[in-house]
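Colleague: I would like to learn how to read a few features of a protein model. Please take them one at a time.

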Amino acid sequence: TDAEGRVVVPGCPDTPYYLEVRSGGVFSAMSMHGIRAGGDELVIEVSTETDPSIILKGRVLLPDGSPASAAQVNPSMANGGAPIETPDADTGQFELGPYSPGEWYLRAEHSDYPTITIGPVTVPKDSTHDYGDIVFQEGGTLRAIVHRGGIPSDAQLNLQVIQGISVKWRA
């Protein structure tokens with residue numbers, strides 16, 4: 001970029017582009033769809049409202065109340081996810097960020113228990129959201145029979161079991 005923030009990208013074919021500006025984090029500060037080369041110069045005003053300023057914290061526990069030392073937590077927004085993190089093995093606590101303010105989901109995963117998905121939770125600028133204690137629960141069994149009705153027996157059917165925003169099983 002030059003001193004005025006101008007960016008020139010030469011040689012762009014005539015096709016729609018997605019433009020994204022990031023402000024110090026993994027999430028976009030703003031984005032535009034359907035941009036084409038050859039038009040008027042775009043003037044982009046980026047707000048500091050999306051600068052990373054929030055903290056997400058909590059504690060993951062096993063059903064007996066002990067720390068879930070083998071757990072992982074994964075915060076995400078509609079426009080992307082943050083790195084998967086491992087809570088403190090001795091306490092189960094996590095403190096993540098800073099991230100951009102907005103609507104957040106949190107997935108807590110452990111290989112021995114069903115995934116927990118929390119959200120969306122709106123976290124305003126310059127704040128901390130405490131998820132409190134997130135306790136893994138013993139899983140149950142989901143049973144289903146799929147009747148084909150008039151669908152031919154050689155036609156493939158797909159079944160997905162979805163918890164919150166996560167696909168738990170596909171067939």
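**Reading the model**

Modeller: M77 is found in strand β4 (residues 72-77); strands are DSSP runs of E with at least two residues, numbered from the N terminus. This is a predicted model, where local features need pLDDT of at least 70, side-chain atom pairs count only at pLDDT 80 or more, and totals for chains, interfaces and linings use all residues. Residues are numbered from 1 along each chain as its sequence is written, and side-chain values use heavy atoms, with hydrogens and water left out.

Colleague: Does M77 count as buried or exposed?

Modeller: Buried means under 20% relative accessible area, exposed over 50%, and partly exposed in between (1.4 Å probe, protein chains only). M77 counts as buried because its relative accessibility is 15%.

Colleague: How far apart are M77 and P101 in space?

Modeller: They are 24 residues apart in sequence, and their C-alpha atoms are 9.6 Å apart.

Colleague: What is the volume of the largest pocket?

Modeller: A pocket is an open set of points on a 1 Å grid over the protein atoms alone, where a 1.4 Å probe fits, with protein on both sides within 12 Å along at least five of seven lines; lining residues have an atom within 4 Å of a point. A volume is the space filled by probe spheres set on the points, which are joined across faces, edges and corners. Here the largest pocket holds about 890 Å³. Its lining has 23 residues, and V7, V8, V9, L19 and L42 are the closest to its centre.

Colleague: Which strand gives the largest share of that lining?

Modeller: Strand β1 (residues 17-22) does, with five residues.

Note on methods: Helices (H or I, at least four residues) and strands (E, at least two) are DSSP runs, numbered from the N terminus.
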